[in-house]
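Here is a short tour of one protein model, written for someone new to reading structures. Keep the 3D view open and turn to each place as it comes up.

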Amino acid sequence: MTSTPPDLTFPQGFQAAAMAAGIKPSGRTDLSLVTSSHDCMWAFAGTRSTTAAACVTRNRALAGTGAPVRALLVNAGNANAATGEGGARDNAGMADAAGSVLNVPAEAVLTASTGIIGHRLPMDRVLSGVEHLPDELGTAAAPFAQAIMTTDTHPKTAHATLSTGARLVGTAKGSGMIHPDMATMFAFVFTDAQVDQAALRAAFPGVVARTFNAVTVDGDTSTNDMAAVLANGLAGPVDQAEFLSALEGVMRDLARQIAADGEGATKLLTVKVRGARSEAEALTAARTCCVSPLLKSAVHGNDPNWGRVIMAVGRSGAAVNIEAMTVAVQGQPVFAGQPLAYDAAQVSESMKAAEVVFDVNLGVGDATGEAWGCDLSAEYVSINADYTT
């Protein structure tokens, strides 16, 4: 996992701006914009929640047209979800305003909102802010990464450079209501690599499945989850395999950062599954372990209670040969078709690390998968008990 370098800049052709528009009661930055000097090829994934927010449904519709994108406008502090036709008009109004000040079509502007569900946007503040955002444009990534946060404790970024010199810079936000069903929270990757849009869109769902869909904090899927990658092509053609590998690496890094920053979390939980019948079953088994309140609590208490792994894998529905199944905690084998002798106190001590890893072999195939979560602490309850009050 990486922190946000203070000198991290966006790839060539991209600029960003952030400001405090008065949407968050805290007075922190809450309205941000990323714009490209050239049209972007792009791919999008949005939550499959049946109560998806207006920004998700609009972006999904735009993705269906195949038209290029030039900008992304994000507000934090208000999800603009469950706000009816008025909320949809507000969302469209954000795009219209951004398109006007950037002199690009409204259809070339993606929108994203995050925060409390069920409140209309303060459009007077939003529109006033949009008017001033172009004056703040610059190449630094940190202001944008900070402005999209809600209950995050720190900004999340990741980056990679290809052999051609093309760059990828990703940003994400997310800490609670994390159990994505497509993407996760917000995750945006910007690149100056020249890529084929059809090929990018064909590969993107698989990359999302192995990264953002492998994250869980609390089992709750947001109304506003989305992930997008925008490529303006200014660095020229790149090798597709190298690009997709770098894209997955950036997204994987962001996914792990989100899991580690789960609300109230004190440690990252990683579950690695092998020996599965398919990648889908391996990922399902791993994520079911990561979302189990019982296993998450055991991790918080440094309790090597591997029976909770057996329970969660079985609940996941993944095929298992229990006689060939193995489980290891922090590298210590604890089960191999039957309980193994081990020093519980020593394993418990090893679980006090910043990352706790469970290795599981289902014993039925060759497929693998990995998922990330966090421990469950009393602080999680406190944060969410007081969220709106």
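Where is Gly 118 found? Gly 118 sits in the loop between strand 4 (109-116) and helix 3 (123-132). Before going further, please keep in mind that this is a predicted model.

**Around Gly 118**

With a relative accessible area of 43%, Gly 118 is partly exposed, because that value falls between the 20% and 50% cut-offs. Now look for Asn 80: Gly 118 and Asn 80 are 38 residues apart in sequence, and their C-alpha atoms are 6.5 Å apart in space. Leaving aside neighbours within four places in sequence, Gly 118 is in contact with Ala 81, Ala 82 and Thr 83.

One of those contacts, Ala 82, deserves a look of its own. Ala 82 lies in the loop between strand 3 (69-78) and helix 2 (84-102), and its relative accessibility of 67% makes it exposed. The phi angle of Ala 82 is near 60°, a positive value in a residue other than glycine. Gln 330 is not a glycine either, and its phi is positive at about 50°. Gln 330 is placed in the loop between strand 10 (326-329) and strand 11 (332-336).

**Sites named in a record**

The unreviewed UniProt entry has a "binding site" annotation that covers Thr 150, Lys 173, Thr 184, Glu 263, Asn 384 and Thr 389. From this set, Thr 150 is part of the lining of the largest pocket.

You can find Thr 150 in the loop between helix 4 (142-147) and strand 5 (156-161), while Lys 173 belongs to strand 6 (residues 167-173). Is Lys 173 buried or exposed? At 7% relative accessibility, Lys 173 counts as buried, because buried means under 20%. Thr 150, at 27%, is partly exposed.

Thr 150 and Lys 173 are in contact with each other. Beyond its neighbours within four places in sequence, Thr 150 also contacts Ala 76, Gly 77, Thr 114 and Gly 115.

**A buried strand residue**

Thr 270 lies in strand 9 (residues 268-276) and is buried, with 0% relative accessibility. Not counting residues up to four places away in sequence, Thr 270 touches several residues, among them Arg 256, Val 356, Phe 358 and Trp 372. Thr 270 and Glu 85 are 185 residues apart in sequence, and 41 Å separates their C-alpha atoms.

Here are the accessibility values for some of the residues on this tour.

| Residue | Relative accessibility | Class |
|---|---|---|
| Ala 82 | 67% | exposed |
| Gly 118 | 43% | partly exposed |
| Thr 150 | 27% | partly exposed |
| Gln 330 | 25% | partly exposed |
| Lys 173 | 7% | buried |
| Thr 270 | 0% | buried |

**Two helices that meet**

Two packed helices are described by the angle between their axes and the distance between the axes. For helix 5 (residues 197-210) and helix 6 (residues 240-260), the axes come within 10 Å and cross at roughly 35°. The crossing is right-handed.

Which residues of helix 5 meet helix 6? They are Ala 199, Leu 200, Ala 203, Phe 204, Val 207, Val 208 and Arg 210. Their partners in helix 6 are Gln 240, Phe 243, Leu 244, Leu 247, Glu 248 and Met 251. Sorted by class, this contact has 10 nonpolar, 1 polar and 2 charged residues.

How values were computed
Residues numbered from 1 in each chain as written. Predicted model: local features only at pLDDT ≥ 70, side-chain atom pairs only at ≥ 80, totals over all residues. Heavy atoms only, no water. Axes fitted to C-alpha atoms, helices over the stretch in contact; angles between N-to-C directions. Helix = DSSP H or I, 4+ residues; strand = E, 2+ residues; numbered from the N terminus. Left-handed = near helix turned anticlockwise from the far one by under 90°. Contact = heavy atoms within 4.5 Å. Nonpolar A, V, L, I, M, F, W, Y, C, P; charged D, E, K, R; others polar. UniProt positions renumbered as here; feature names shortened; annotations may be inferred. 1 Å grid on protein atoms, 1.4 Å probe; cavity = no way out; pocket = protein on both sides within 12 Å on 5 of 7 lines; lining within 4 Å. Buried < 20%, exposed > 50% of the residue type's maximum accessible area, 1.4 Å probe, protein only.
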